[in-house]
Amino acid sequence: MKDIIYIHKAELGDFNLNKDSMIYYMGQKKSKVTSEVLKIVDESFDEVKNDLVFKTCYRKYDLKLNNNYEIDLGFVKTNSTNLYKNLENCKEIYVFVSTIGFGIDRKIKKYTNLSPVKALAFQGIGSAIIEDYCDYFNNYIAELEDEKGNKLKTRFSPGYGDLDLGLQVDIFNNLEVTKKIGVVLNDSLLMTPLKSVSAIIGVYK
C-alpha cells in the first residue's frame with residue numbers, strides 16, 4: 001500500500017453537509033442569522049451543487065519521530081513541535097489532498113462584483129463542504145485502520161501551528177497531486193481550486 005497513490009471519490013449525498021458551518025464560514029452567528037441570509041445560502045447551494053467534484057489522492061508512509069522535534073514523514077523530514085506532539089505514539093501516517101473542484105471558484109469569481117453577499121455565501125458553502133468531505137474521507141480511512149486494530153489522530157495541515165506551509169511542495173510532488181486530481185499549487189503555496197485541503201493523519205494502536 002505504501003508504494004501506491006490512491007484516489008478516493010465521492011458524490012453529493014454520500015455524506016452529511018453541515019448548514020450551520022456554511023453560516024459560520026460566512027462570518028455569521030447562527031443565533032443572529034436572518035431569513036434573508038438563509039435564503040441566499042439555500043439558493044447558492046442549489047446553484048452550485050451539480051458542479052461539485054469530490055476527489056482525494058492519498059498515500060500511506062512509515063513515520064519516524066527523531067530528536068529535537070524532527071519528523072521523518074517517509075518522503076521528507078521536517079521540524080514542528082505541534083505536529084510532533086500530534087503524531088506521538090504513531091508509526092505510520094496518511095498524507096492526502098482533497099478538493100471539491102472548480103465549481104465554487106467559478107461562482108465566487110462570477111458574483112464578486114455582481115453580488116458580494118452571494119460571493120460570500122459561496123465562500124462559506126465551499127469552506128464548509130470541503131471540511132465535511134475531509135471528515136467523510138477521514139472516516140473512510142478510520143474504517144480501514146479499525147480492521148487492523150488501529151486508530152487515527154486528528155488531521156493536521158501545513159501552515160497550521162508551526163508546521164511550515166512549504167511542506168505543501170513536497171506533498172504535491174510525492175502524491176503527484178496535479179496529475180492525479182487536478183489541484184495546482186502556485187508560487188505562493190496556495191491551492192487551486194481554492195476549496196482544497198492538504199493534511200497528515202497519524203495512525204496509532
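In this predicted model, five strands form an open sheet in the order β1-β2-β6-β10-β7, and the pairing between them is antiparallel. At the edges of this sheet stand β1 (6-10) and β7 (151-152), each with a single partner strand, so one side of each is left without a neighbour in the sheet. Further in, strand β2, which covers residues 54-62, pairs with strand β6, residues 90-99, in the antiparallel sense, and 8 bridges link the two. To find one place in this pairing, look for Lys-60, whose bridge partner in β6 is Tyr-94.

A second open sheet has 3 strands, arranged in the order β3-β4-β5, and here too the pairing is antiparallel. Its edge strands are β3 (64-65) and β5 (77-79), each of which pairs on one side only. Strand β4, made of residues 70-72, runs antiparallel to β5 and is joined to that strand by 3 bridges, and within the β4 and β5 region Asp-72 stands opposite Lys-77 of β5.

Most residues other than glycine have a negative phi, and most peptide bonds are trans. Asn-68, although it is not a glycine, has a positive phi of about 60°. The peptide bond between Thr-192 and Pro-193 is cis, with an omega of about 5°, and Pro-193 itself belongs to the loop that lies between β9 (191-192) and β10.

How do the axes of helix α4 and α5 cross? Helix α4 is formed by residues 103-114, and its axis comes within 6 Å of the axis of α5, with a crossing at roughly 160°. Because angles over 145 degrees count as roughly antiparallel, α4 and α5 are therefore roughly antiparallel to each other.

Finally, the largest pocket contains about 290 Å³ of space. Its lining is made up of 15 residues, and those that lie nearest the centre of the pocket are Ser-157, Pro-158, Ser-196, Val-197 and Ser-198. Which strand gives the most to this lining? Strand β10, which runs over residues 196-204, gives the most, with 3 residues, and this strand also takes part in the sheet of 5 strands, where β10 stands between β6 and β7 in the order. Sorted by class, the residues that line the largest pocket comprise 9 nonpolar, 4 polar and 2 charged ones.

Methods
Residues numbered from 1 in each chain as written. Predicted model: local features only at pLDDT ≥ 70, side-chain atom pairs only at ≥ 80, totals over all residues. Heavy atoms only, no water. 1 Å grid on protein atoms, 1.4 Å probe; cavity = no way out; pocket = protein on both sides within 12 Å on 5 of 7 lines; lining within 4 Å. Points joined across faces, edges and corners; volume = space filled by probe spheres on them. Helix = DSSP H or I, 4+ residues; strand = E, 2+ residues; numbered from the N terminus. Nonpolar A, V, L, I, M, F, W, Y, C, P; charged D, E, K, R; others polar. Pairing = 2+ DSSP bridges. Axes fitted to C-alpha atoms, helices over the stretch in contact; angles between N-to-C directions. Parallel < 35°, antiparallel > 145°, perpendicular 65-115°, else oblique.
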